[in-house]
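Let's take a walk through this structure together, one piece at a time. Keep the sequence and the 3D view side by side as you read.

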Amino acid sequence: MNRPANVYLDYAATTPVDKRVLHAMLPYFSEDYGNPSSAHWRGQQAEAAVDQARKIVAECLGAKREEVIFTSCGSESDNLALRGSAFARRKKCGANHILISPVEHHAVLHTAEQLAKEFEFELELLPVDKYGMVHPEELAKRLRPDTAVVSVMYANNEIGTINPIAEIAQVCRQKGVIFHSDAVQAAAHLPIDFGKEGIDLLAIGAHKFYGPKGVGALLIQKDTDLLPTLTGGKQENGLRAGTHNVPLIVGLAEALALTKQDEDERAKDAVCKRDFLISEVLKRIPDTRLTGHPEKRLPNHASFVFHHADGNLLLILLDAAGFEVSSGSACKVGNPKPSDVLLAAGIPADWALGSLRVTLGRDTPMGDLDAFLDVLPGAVEKARKK
Ligand SMILES: *Cc1c(COP(=O)(O)O)cnc(C)c1O
């Protein structure tokens with residue numbers, strides 16, 4: 001099909017693999033193919049590559065090497081964090097209460113819901129403000145002696161809001177409660193200091209920062225109680241069995257190192273473009289609201305709701321014009337229910353159904369934004385119920 005334009009503005013859903021990352025990964029598929037668990041030379045070569053990747057990830061995120069374990073994706077990291085800590089704390093001290101924000105990614109939310117429904121944990125959702133932000137005082141009021149784990153995401157994938165994670169972590173540490181943060185979006189854009197911020201568990205996934213799909217990591221502060229959910233061999237301190245996916249692990253580390261190299265500069269550039277986009281959308285389209293925090297948001301992230309618009313129709317119209325965007329979360333296409341995240345931030349359903357997320361990439365030129373802004377007002381008009 002001949003698309004009028006070919007503009008990808010959905011970098012929060014996924015990113016292309018950086019050519020340098022691909023280059024770093026390639027030898028580990030068919031030349032250096034050893035199993036890191038093997039005692040011989042070829043195995044040792046592979047183990048050295050995994051060790052080096054672990055060192056890089058630790059340095060990039062302010063962690064110690066032994067605090068990094070590799071997983072198959074951000075979702076797996078979230079699952080292990082939540083499930084692993086909930087079961088370990090129940091076993092150790094009878095803790096049965098799970099406290100999470102209502103705007104968590106489904107990898108956290110649905111895991112917590114399963115723990116409640118099938119395993120009789122008590123799940124409580126924290127309040128958030130109109131920007132979808134969690135306030136440490138609200139968390140402090142709800143922590144209990146039997147709280148097993150708290151999970152609050154670093155930055156939201158749907159509305160971009162950044163949470164005060166260091167303060168939240170401190171509240172949890174004072175009470176001796178395990179704190180997990182989903183940083184799958186944040187790691188692509190924000191400096192993270194795992195040790196200094198006092199976080200116990202932190203999840204990342206490579207494909208959100210120009211690394212390959214199908215690989216993630218979980219950072220685990222050394223005293224954290226965690227029951228492994230994938231059992232088998234002794235890999236990853238016995239916390240995550242399975243032969244290491246060496247090429248993907250190498251790719252994750254390379255992608256993260258490249259991301260951290262010019263993070264500040266890129267963030268400044270992205271913020272300029274993002275704020276231009278936001279102000280133009282609000283100016284050009286009536287009955288439009290920004291969702292998420294106006295300043296404390298991911299630098300590449302703009303999200304809106306258009307009153308009485310059909311968000312799914314809007315995506316289809318924009319796609320037909322050659323612009324790939326999202327309604328907020330890649331998992332929600334074809335679902336006419338308003339997003340739980342938007343509802344939790346107090347946005348009424350007649351607004352929330354008309355949501356749009358535009359996320360910029362490293363190399364998004366201003367020209368693409370101009371072209372998008374030319375098309376968007378007409379598309380919103382068409383997507384509005386008559
Ligand atoms: C993408 C994403 C995930 C899931 O990561 P995968 O690697 O795709 O499994 C989890 N949390 C957030 C905030 C995300 O954006």
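By salt bridge we mean a side-chain nitrogen of Lys or Arg within 4 Å of a carboxyl oxygen of Asp or Glu. Both partners, E263 and K260, are buried. Buried stands for under 20% relative accessible area, exposed for over 50%, and partly exposed for anything in between (1.4 Å probe, protein chains only).

Before going on, some ground rules. This is a predicted model, in which local features need pLDDT of at least 70 and side-chain atom pairs count only at pLDDT 80 or more, while totals for chains, interfaces and linings use all residues. Residues are numbered from 1 along each chain as its sequence is written, and side-chain values use heavy atoms, with hydrogens and water left out.

How many salt bridges are there by this rule? The count comes to 25. One of them joins R284 to D374, whose closest N and O atoms are 3.9 Å apart. R284 sits in helix α10 and D374 in helix α14 (residues 366-383), so this pair ties together parts that are 90 residues apart in sequence. Helices here (H or I, at least four residues) and strands (E, at least two) are DSSP runs, numbered from the N terminus. R284 counts as partly exposed because its relative accessibility is 36%, and D374 is exposed because its relative accessible area is 60%.

Another salt bridge brings the side chains of K92 and D225 together, at 3.2 Å from N to O. These two come from distant parts of the chain, 133 residues apart: K92 belongs to helix α4 (residues 74-93), and D225 to the loop between β8 (216-220) and α9 (246-261). Is K92 buried or exposed? K92 has 58% relative accessibility, so it counts as exposed. D225 has 16%, so it counts as buried. Elsewhere, E124, E138, K141 and R142 are linked in a network of salt bridges.

Now for the sheets. Two strands count as paired if DSSP finds at least two bridges between them. Look inside it and you'll find strand β3 (residues 97-100) running parallel to strand β5 (residues 147-151), joined by four bridges. H97 stands opposite T147 in β5.

Three bridges hold β9 to strand β10 (residues 301-306), and T288 stands opposite F306 in β10.

On its other pairing, β10 runs antiparallel to β12, with five bridges between them, and V305 stands opposite S355 in β12. Why is β12 largely enclosed by the rest of the structure? Five of its five residues are buried, so that is how it comes out. S355, R357 and T359 point one way from β12, while L356 and V358 point the other way.

Last stop: E197, found in helix α8 (residues 194-197). E197 is buried yet has no salt bridge, and the nearest side chain of opposite charge, K196, is 8.1 Å away. Leaving aside neighbours within four places in sequence, E197 is in contact with residues including Y154, I165 and P191.

Technical notes: Lys, Arg positive; Asp, Glu negative; His and termini not counted. Contact = heavy atoms within 4.5 Å.
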